[in-house]
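Subject: Structure handover, aromatic contacts

Hello,

Here is the structure you asked for, with notes on its aromatic rings below.

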Amino acid sequence: MAHPRIADPWGARTPYGPGEPWPVRVDQQLADGVTADSVDRWVPAASLLHSNGDAMEIAVKEGRIVGVRGRHGDRVNRGRLGPKDLFGWQANHSPDRLTRPLIRRDGQLVETDWETAMSTVAEHLRDLLDTRGPGSIGFYTSGQLFLEESYTIAVLAHGGIGTPHVDGNTRLCTATAGEALKESFGCDGQPGSYEDIDHADVIALFGHNVAATQTVLWSRILDRLAGPNPPRILCVDPRRTPVAEHAALHLAPRPGTNLMLMNALLHELIAHDWVDRTYVDAHTVGFDELRKQVASATPDRAAEVCGLDPIDIRRAAELLGGAERLTSTVLQGFYQSHRATAAAVQVNNLHLLRGMLGRPGCGMLQMNGQPTAENTRETGANGDLPAFRNWANDQHIAELAEIWNVEPQRIPHQGPPTHLMQMMRYAENGSLGALYITATNPAVSLPELHRIRSILEQERLFVVVQDLFLTETAQLADVVLPGATWGEKTGTFTNADRTVHLCEKAVEPPGEARADLEILLDLARRLDLRTKDGGPLITWTTPEEAYEAWQRCSAGRPCDYTAITYERLRAGGVQWPDGTPRLYADGAFRAHPDDCESYGKDLETGAPVEPVEYRSLNPDGKAILKAAAYRPPHEMPSEDYPMQLITGRSVYHFHTRTKTGRAPELQAAAPDVWIEVSAADAAAHGWSDGDLLRVTTPRGTVLAPARVAGIREGVVFLPFHYGYWDTSGGSRPDPAYGDGAGRAANELTATDWDPASKQPLFKTAACAVTKVEGVAR
Amino acid sequence: MNRINALLHDLHDSEAGLAGLLLHVADRHRADHEVFHVARDLAGWSADHLRELTRIGHERGLDLDPEPPDPDTLLAKVRQRTGDLLGRRSEVGLVLLVDLREVHVRAAGVSVDWVMLGQVAQSLRDQELLDLTSRCHPETLRQLRWANATIKVSASQILIG
């Protein structure tokens, strides 16, 4: 029988009322035979398997991790842990951890020593740098690395090598969050706080299945729902998720039409004057433009486009318009769909129109998908310049050059940073000669996998992978460097409500595996990266020194870490800057032309707004109400591909299951791919639970057993976690299995992205679904 | 033909030319996915302008072709396939720069046509034409900025890489 916390991922209720503190509930999971008394040490840490940032302690006994428990005093989770944290730690002990570097010899990856591996990498990069220049080298980082590692990569790549080609896998999950915040507030940074859940009377979740992505945050909402004066929930999701089941109102729009729905909601707010005109006049620009844009987006028109009942759209607007303390969250349902940034920006507009920002219960959270996504964006490991500096602002470049003691011209700023999908394109056409991948698995997580594999496999591309396991991507690499992970190294990371946690080393990594920071510092030394005075560019050697360098870099910027020391973090999580619960109280934004991180983009073409244009639009640095017209998705259902495919997540797995697939309880809870179909489609086509279905798009084919579930008619859902490392195919579909059909959802997805945030679209492919006759699984 | 009708006629032709060029560029650079998708979206904007110009032209006795170029002809498919096949060669980057330059020049021409129409409409207090211009011209400027921005993003990688 499944463990109770597998059966109930959210655990027991601790009801509470509005404005009351969320009660503590400490969750704990220890290895068989271990009791809390027999644990040698409890080491402070935080969760690295989702973006919620739950604080925990690692139980250590005889030099080995033997379990975890939640930290009861922490502001984020107040002791609770989700199933991935309760069981995921076991992956650290997996027998297939990489313990020695690997190098490709005669086509095969073979074990080697660190000296050989690192000198091979350094010589290759140095050679490219000398012969083809910095633009021939790219870094693909991760929302799994700690802040110290992300900042080190940013300095190494931007300040040392001088390449504009740096991005994180946060491009896939949270790029739209960052971009939407920049577009509306001039600067990244979550305005809200998780404590807004405690105060809100209406909570709106836009494309955010929080019950699966952040179980502890959902527990907080469930506890409010179970207490006195509960909030009302608005859920926008094509699936009938647990959130939808608890919602006062559930809208299930047709995939790809979020922007139309949002425009109609704003249309209603303005038509009924549910607008805080004083706030709008004092703190925003762009109202007239927005009003004009949404004028034609009537509920009736939106209902037609989105496939909804116009009455529901009106009711949703009423709910939002009547809220006294509105908290909204946004995630992949918007971020990975057509017109991602434009749709997410309208949620910001909703809060600006209602003047609901910077006060308890008036929270706006453009959520993150990954545990350290925030740091990727802050430090510049996603290509942006560190500490929310603006690449188009020469003064910001000069500041950074001074901090790093390099010539300003060393720092690439001639245009926007190269995003991941463009980097893959440069690798495809041969202008990128090396790709250095840290702690992520593009051979499963990127769209159109046959293309991604064919790019990574090219002889002319030198691929370095730093990871814990021989992932699908590592199998295609030229050099594989074994990394240490959570519990085996020290560092900080920041969650979706700006809470920073210190995650300390509890045990030694296995074999010769090394902390990512150590590997990166070794690389920097070998590349002999220098300041303009000839000194070493990177002077730190420990995580705390790296953190202190970052504190100096962040000083005075919105994400100022100077008041948040390691010492202070040892007592529990702290929100930047200096424990500030909410940004933008009293409408004080960081959008002034001299201060802002970005001048914004054309949301439809992606073309950057010119500095002069921004200055004339927003001279006083107010929030920007940015309007956008709905246009239909690029790939619409057709005769050959009549259905729509969306991909997503399971509550039991993280990313490509690198860790969660190696934790027995999690693996058993969701061992293989499935496809969700609606009852109506199942009845129409004669599909039942367990029938093997073949899903096809112009890119590929996936076989998966059917699960008849609550999902919009005409739409099917595939979880994206499942790759091939634990199948006979290794890095790809086994040709012997089902005519070469795969099980990775990304065999099917299209190479298309939001032009503003550059986030790939995983939720708007057209597909055909047929039953494979005579096969039962 | 009066002066305004002559302007409408020229604008119709220049928008049709820009729509066709954008589709052509999109297909040729199908392997550059953002160029492919955005150029096709932008061709759609010009197609909308064409329909509006045709409608207004018709009211004024002009016989203009309302049909924008078809984005999905057999020839377009062939071009896309070729775009895919050549996408792995580095030389295709230079072709992209030349093509984007041409889009920029052509969009600038369309923009100037709208400026002239707008000026005339303003002088004659022709509200219908003024409304048309204020709807369409900003989109032409966005097409222009897109071409410029895409060149800016790609140039150094293509010319140095």
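Rings of Phe, Tyr and Trp (its six-membered ring) are taken as a pair if their centres lie within 6.5 Å. The model is predicted. Ring pairs join A:Tyr151, A:Trp540, A:Tyr547, A:Trp550, A:Tyr561 and A:Tyr566 into a cluster.

Over all chains, the count comes to 14 aromatic pairs. One of them is A:Tyr151 with A:Trp540, a stacked pair at 5.8 Å centre to centre and 20 degrees between the planes. A:Tyr151 belongs to helix 4 (residues 147-161) of chain A, while A:Trp540 is in the loop between helix 22 (516-527) and helix 23 (543-554) of chain A, so this contact ties together parts 389 residues apart in sequence. A:Tyr151 is buried, at a relative accessible area of 1%, and A:Trp540 is buried at 9%.

A:Phe185 and A:Phe589 are also stacked, because their ring centres are 5.6 Å apart and their planes lie at 5 degrees, where under 30 degrees counts as stacked. This pair links distant parts of the chain, 404 residues apart: A:Phe185 is in helix 5 (residues 175-185) of chain A, and A:Phe589 is in the loop between strand 20 (574-575) and helix 25 (611-617) of chain A.

A:Arg80 lies over the face of A:Trp22, 3.7 Å from the ring centre. The charged end of A:Lys489 is placed over the ring of A:Phe146, at 4.6 Å from its centre.

Regards

Terms used: Residues are numbered from 1 along each chain as its sequence is written. Chains are lettered from A and ligands numbered from 1 in the order in which they are written. This is a predicted model: local features need pLDDT of at least 70, side-chain atom pairs count only at pLDDT 80 or more; totals for chains, interfaces and linings use all residues. Side-chain values use heavy atoms; hydrogens and water are left out. Rings of Phe, Tyr and Trp (its six-membered ring) pair if their centres lie within 6.5 Å; planes under 30 degrees apart count as stacked, over 60 as edge-to-face and the rest as tilted. Helices (H or I, at least four residues) and strands (E, at least two) are DSSP runs, numbered from the N terminus. Buried means under 20% relative accessible area, exposed over 50%, partly exposed in between (1.4 Å probe, protein chains only). A charge sits over a ring if NZ of Lys or CZ of Arg is within 6 Å of the ring centre and within 35 degrees of the ring normal.
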